[in-house]
Every structure is written in C-alpha cells, then in structure tokens.
Amino acid sequence: MGAWDVRENEMTSRGAEWRGPKRAPRNWPAIVMFAVTTAAAFTIFPWYAVTYGFAPVTWLVFVLFMLATGMSITGGYHRLWSHRAYAAHPIVEWFYLLFGAMALQNSVFCWAAQHRFHHRFIDDVDNDPYAIGRGFWFAHIGWMLRDYPGARVGDFSNIEDLQRNPRLRFQHRHYLAIALGMNVAAPLLAGWLVGDVWGCLLLAGLLRLVLNHHFTFFINSLAHLWGRRPYTRDNTARDNDLVALITYGEGYHNFHHQFQWDYRNGVRWWQFDPTKWLIASLSWVRLTYGLKRVPEFRIQRAMLARQFERLQQSIEQRRRQGRLVALTALIEQERVMFAATLGEFRQLQAERFDAVRRQLADQWRGSEVRERLQALEKALRAQRRRVRLLRLQVA
Ligand SMILES: [Zn+2]
Ligand SMILES: [Zn+2]
C-alpha cells in the first residue's frame with residue numbers, strides 16, 4: 001500500500017457518511033503500545049489476581065492513580081489547556097503535566113491541537129481528527145492506529161498560546177522520558193511505600209493505564225453517539241449521565257460542544273462532574289482562578305430553543321398522522337413571548353456595551369441590572385415548563 005493520496009480517493013463532504021479508504025500508513029508505536037498493554041491486562045493481570053490477590057491498600061493506590069491520571073487529562077489537558085476554561089497555579093500545572101504524561105495520551109501540545117481541531121471541524125469526516133461519522137471504532141481508537149491526514153499530527157498552528165508556556169514546552173520536549181519514567185517510577189514508589197511492589201505495578205500501573213485509556217476514549221466515541229441533545233442538534237455530541245460516571249464528568253458533551261469554554265461540563269449542581277468539583281475546590285485555596293461560566297440566560301435560551309424545535313417536530317408528526325393540533329394559538333403565543341424575552345436581553349446587552357464604552361461599567365453593574373437579568377432568566381425557566389407541558393399535550 002502506497003502513501004495516502006487524498007486526490008485519488010473519494011472523500012465525501014462535511015457530515016456525509018465517510019466512504020474514503022481505510023488505508024493510511026500504520027502508526028506502529030501506538031499499535032505496539034495498545035497491543036502490549038491490552039494483552040498484558042488480559043493475561044498477566046488476571047493470573048496474578050487469582051494467584052496472589054491484591055490487598056485493599058493496593059486497590060486504594062489504584063483508585064488514586066486512576067483519579068490523578070484521568071483528571072489530569074480532563075481537568076488539565078482538556079479544560080485548562082485545550083479550552084482555557086480557567087487558569088491554574090504552576091504547582092497544579094506540573095501535577096497535570098506529570099500525571100497527564102503518565103496517561104500515555106501524548107504531550108499537551110499534540111492533544112490540545114487535535115482537540116481544538118475536533119471542536120472547530122466537529123463531525124467533518126475529513127478534518128475532525130476523531131469524527132464519529134467514520135464509525136465507533138475510528139472515533140474511539142482507530143484514528144490513532146494509522147497516520148490519517150485528518151489527524152493533523154504536528155500541526156500546532158492553533159496552539160500558539162500554549163507554546164508560550166515554558167512548562168508545556170518542557171513536557172513536549174521530554175514527553176517520552178516523563179511518560180515512561182512516571183509509568184514505572186510512580187507505581188514502584190507507591191508499591192515500595194505500601195509494601196506491595198508487584199501489586200502496585202500491575203494494578204496502579206498496568207490496569208490503570210488500560211482502563212484510563214478507554215475511559216477517556218469513550219468521550220470521543222460514546223459521548224458522540226449515545227444520549228440526549230438538550231442544547232443543540234447542530235452536532236453529534238450527547239449528554240449522558242452514565243458516560244459521565246466513567247469519564248470524570250465529561251459525559252455532558254452536548255453542553256460542552258455548545259459552551260466549550262465553561263469550566264463545567266455537567267452544569268447543574270447535581271450532575272456528576274468530579275473534574276468540575278476538583279477545579280472549583282482548588283479555586284477555594286487559590287490554586288485555580290478565573291473560572292469561566294456561561295451566563296445562565298444563554299443556557300436557558302439554548303434549552304428553550306431546542307424545546308421549541310422538539311415541539312415543532314411533534315406537531316408535524318401529528319399532522320402527518322392526520323391529527324389536528326388544537327394548541328396552535330397557544331404555541332404561537334409562547335413563541336412571541338420567547339422572541340420578546342430575547343429582545344429584552346439584547347436591549348440589556350446593548351446597554352451594557354454602551355456603558356462599557358463610556359467607561360461607566362461600575363455604575364452599570366448595579367443591582368438593578370442584575371435584577372433585570374435574573375427576571376429574564378426566571379421568565380425563560382417558567383416558559384420552559386409551559387412549553388414542556390404543551391409538548392406533552394401535543395404528543
Ligand atoms: Zn467531542
Ligand atoms: Zn473539548
């Protein structure tokens with residue numbers, strides 16, 4: 001098989017089913033790494049578990065290493081560096097850099113550059129490095145096993161901000177040494193401390209690595225396939241509570257693709273998002289700061305717009321079935337109210353920009369304006385409840 005040649009192959013347009021060739025040069029280091037670790041996890045690990053077993057303290061080390069490496073990817077590689085959703089003290093950055101390298105998912109530069117392309121070209125089968133349109137296997141792991149041109153390996157044109165960070169440059173330059181060193185030294189040290197070197201190597205080293213790989217890969221595969229889309233239907237990203245359980249909170253992926261610079265993925269307080277809790281807790285001791293949150297109004301607006309879409313679908317379905325929809329006037333009234341609320345919000349924004357321009361921001365940030373904004377949010381919430389009831393009646 002010769003080198004990949006885009007011109008010779010049929011490449012389909014954005015969002016269409018991908019029909020291009022599956023042959024690109026194999027990425028042997030990745031293939032060997034995944035093959036060896038997976039094979040060992042399925043053979044040596046169960047043999048040792050049955051023959052010798054693991055002490056509770058070894059399991060504890062395993063859990064700690066799972067969290068440290070998993071959340072260095074979600075909290076560090078993803079939310080801190082790929083999206084700049086907050087800023088962190090260098091101590092926190094070093095922690096993320098060391099344990100992120102231990103997760104064996106490449107340097108921050110490579111990871112963040114590809115992830116920014118993923119957001120920019122979402123679902124574009126040629127340019128989204130892990131486009132779900134090319135299938136579950138491809139989005140999960142297949143995209144790393146060959147050198148596909150869409151993966152844009154080494155294209156750092158979109159991470160100039162990160163390249164200015166000397167800690168990130170250091171990690172990129174010495175990635176292999178840090179990654180190998182952490183994977184051997186950290187479990188060895190932990191094993192020596194708790195008196196179970198082989199147990200820690202197998203549990204906190206091997207099994208942790210393989211599980212963490214797939215737990216984070218699920219964000220690119222499962223979280224683009226399975227779940228609900230409460231904020232937007234413009235892309236394939238889904239919200240799924242079960243996926244959130246094993247991805248350190250990244251299962252709320254529909255929210256994330258709509259509001260990517262928010263440090264939260266599970267935006268409601270009850271949504272399971274340990275990465276969000278970690279970032280927020282660190283901010284209490286000033287190790288993280290500048291946490292970005294999407295204004296509640298914009299979240300409510302997106303959800304309500306989606307509810308109107310669903311309502312419209314239900315009505316059209318009923319009409320196709322020849323059933324009359326008696327609620328048309330009521331629905332139209334809700335639509336008019338939604339438009340009015342959005343108009344009021346735009347007016348409020350215009351006043352704010354005007355105040356900022358005239359350097360009266362302090363005066364503008366008075367309690368009156370906050371109250372007006374809160375009233376608008378409340379209006380949207382109440383309307384969401386009414387539209388939900390309307391949809392139940394239509395269905
Ligand atoms: Zn995604
Ligand atoms: Zn992202």
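Helix H2 and helix H4 lie oblique to each other, a term for angles that are not under 35 degrees (roughly parallel), over 145 (roughly antiparallel) or 65 to 115 (roughly perpendicular). The model is predicted, so local features need pLDDT of at least 70 and side-chain atom pairs count only at pLDDT 80 or more, while totals for chains, interfaces and linings use all residues. Residues are numbered from 1 along each chain as its sequence is written, and chains are lettered from A and ligands numbered from 1 in the order in which they are written.

**Helices H2 and H4**

- The axes of H2 (residues 56-82) and H4 (residues 108-120) cross at roughly 60° and come within 10 Å; helices are DSSP runs of H or I with at least four residues, numbered from the N terminus, and axes are lines fitted to C-alpha atoms over the stretch in contact, with angles from 0 to 180 degrees between N-to-C directions.
- The crossing of H2 past H4 is right-handed, meaning that the near helix is turned clockwise from the far one by less than a right angle.
- H2 contributes Tyr77, His78, Trp81 and Ser82 to the contact, and H4 contributes Val108, Trp111, Ala112, His115 and Arg116, where contact requires C-beta atoms, placed from the backbone, within 7 Å.
- These contact residues divide into 5 nonpolar, 3 polar and 1 charged, with Ala, Val, Leu, Ile, Met, Phe, Trp, Tyr, Cys and Pro counted as nonpolar, Asp, Glu, Lys and Arg as charged, and the others, Gly among them, as polar.

**Domains**

- The chain is divided into domain 1 (6-289) and domain 2 (296-394), with bounds from an automatic or database domain assignment.
- Taken over C-alpha atoms, the centres of domain 1 and domain 2 are 36 Å apart, and their contact takes 6 residues from domain 1 and 5 residues from domain 2.
- On the side of domain 1 that touches domain 2, the residues are 3 nonpolar, 2 polar and 1 charged.

**Buried residues**

- Histidine 213, in helix H9 (residues 197-220), is buried, with 23 other C-beta atoms within 10 Å; the cut-off for buried is 20 or more such atoms, against 12 or fewer for exposed and values in between for partly exposed.
- Histidine 256, in helix H11 (residues 253-258), is also buried, with 27 C-beta neighbours inside 10 Å, and touches Ala237 and Asn265 when residues up to four places away in sequence are not counted.
- In helix H5 (residues 136-145) the buried residues are Phe138, Ala139, His140, Trp143 and Met144, and their cover includes helix H1 (28-51) and H9.

Definitions and conventions: Two residues are in contact if their C-beta atoms, placed from the backbone, lie within 7 Å. Helices (H or I, at least four residues) and strands (E, at least two) are DSSP runs, numbered from the N terminus.
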